[in-house]
Amino acid sequence: MSRTVLVYAGGGDPTPWCEALARELPGARVCAWPEEVVPDYAAVWAPTPAVVEAMRPARAVFLLGAGVDHLAPVMASLRGVKVVRIEDAGMAEQMVEYALLATLQHQRGWHRYGEQQRAGQWVRHGARSRASVTVGVMGLGVLGGAVARAMADFG
């Protein structure tokens, strides 16, 4: 059975997505928006209302990243179409690492040492304990929940 997949990468280059999908879906026709096709499926990131109106997939929309909040402006146009989101695909681990790095940089004041290094200075700063830093996590979905658990485990 032939399938048509239309890819829109939020204004970025869809080529890597198209190539990967074509490799993984032999026999499928994979094209990049704005090619005029009637797709069975769409793989999108942050589509505009015009993109959604033009592509209107018959069966499902697959999101190319975490979260669905960027779809809020176009949900009415997707009524009756399944929306499939990436739940993790390794993103939770990467987000945890990023959040821990950013928190440690803040806690230790590493930006100051970088500034001093560029200025040819060395001034010792007092250490702050991890417990002195308050961390807020906006959203406790798959990614936010993993970050919150890691931060709690880290103290």
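## Surface and overall form

How much accessible surface does the protein chain have, and what share of that surface belongs to carbon and sulfur atoms? The accessible surface comes to about 10,100 Å², and 56% of that belongs to carbon and sulfur atoms. Keep in mind as you look around that this is a predicted model.

Going along the sequence, they follow the pattern β-α-β-β-α-β-β-α-α-α. The radius of gyration of the protein chain is 22 Å, well over the 15 Å that the globule rule gives for 155 residues, so the chain is more spread out than a compact globule. Along its principal axes, the C-alpha trace spans about 65 × 35 × 30 Å.

## Burial, contacts and charge

Of the 155 residues in the protein chain, 32% count as buried. If you take the contacts between residues at least 6 apart in sequence, 48% of them join residues at least 24 apart. As for charge, the protein chain carries 15 positive and 14 negative side chains. The centres of those two sets lie 8 Å apart.

In soluble globular proteins, nonpolar side chains tend to be buried together. Here, the largest nonpolar core holds 15 residues, and Val-44, Met-55, Val-61 and Leu-78 touch the most other members. Which elements give two or more residues to this core? They are β1, β3 (41–45), α2 (49–55) and β4 (60–63). The largest share, 3 residues, comes from α2. Apart from this core lies another one, of 9 residues, with Ala-28, Tyr-41, Ala-43 and Leu-64 among them.

Leaving out residues up to four places away in sequence, Met-55 touches Leu-6, Tyr-8, Trp-33, Pro-39, Ala-42 and Val-44.

Thr-4 sits in strand β1, which covers residues 4–9. Is Thr-4 buried or exposed? With a relative accessible area of 13%, Thr-4 is buried, because anything under 20% counts that way. Not counting residues up to four places away in sequence, Thr-4 touches Arg-29, Cys-31, Val-37, Val-38, Pro-39, Asp-40 and Tyr-41.

One of those partners, Val-38, lies in the loop between β2 (29–32) and β3. Val-38 is exposed, at a relative accessible area of 72%. Val-38 and Met-55 are 17 residues apart in sequence, and their C-alpha atoms are 6.8 Å apart in space. Pro-34 also lies in the loop between β2 and β3, and a cis peptide bond joins Trp-33 and Pro-34, with omega about 25 degrees.

Most residues other than glycine have a negative phi, and most peptide bonds are trans. The bond between Trp-33 and Pro-34 is cis, and Ala-46 has a positive phi of about 50 degrees although it is not a glycine. You'll find Ala-46 in the loop between β3 and α2. Its relative accessibility is 30%, so Ala-46 counts as partly exposed.

## Around strand β4

Ala-60 has its place in strand β4, and at 5% relative accessibility it counts as buried. Which residues is Ala-60 in contact with, leaving aside its neighbours within four places in sequence? They are Asp-40, Tyr-41, Ala-42, Val-81 and Lys-82. Ala-60 and Leu-78 are 18 residues apart in sequence, with 9.1 Å between their C-alpha atoms.

Gly-80 is exposed, with a relative accessible area of 79%. The C-alpha atoms of Gly-80 and Ala-58 are separated by 9.0 Å, while the two residues are 22 apart along the chain.

## Over in helix α3

Where is Gln-107 found? Look in helix α3, which runs over residues 91–108. Gln-107 is buried, with a relative accessible area of 5%. Setting aside residues up to four places away in sequence, Gln-107 touches Arg-128, Ser-129, Arg-130 and Val-133.

How values were computed
Residues are numbered from 1 along each chain as its sequence is written. This is a predicted model: local features need pLDDT of at least 70, side-chain atom pairs count only at pLDDT 80 or more; totals for chains, interfaces and linings use all residues. Side-chain values use heavy atoms; hydrogens and water are left out. Helices (H or I, at least four residues) and strands (E, at least two) are DSSP runs, numbered from the N terminus. The radius of gyration is taken over C-alpha atoms; the globule rule is 2.2 Å times the number of residues to the power 0.38. Buried means under 20% relative accessible area, exposed over 50%, partly exposed in between (1.4 Å probe, protein chains only). Contact means heavy atoms within 4.5 Å. Accessible areas come from the Shrake-Rupley method with a 1.4 Å probe; for residues, only the protein chains shown count as cover. Lys and Arg count as positive and Asp and Glu as negative; His and the chain ends are not counted. The place of a charge is taken as NZ of Lys, CZ of Arg, CG of Asp or CD of Glu. A nonpolar core is a set of buried Ala, Val, Leu, Ile, Met, Phe, Trp, Tyr and Cys residues joined through side-chain atoms within 4.5 Å.
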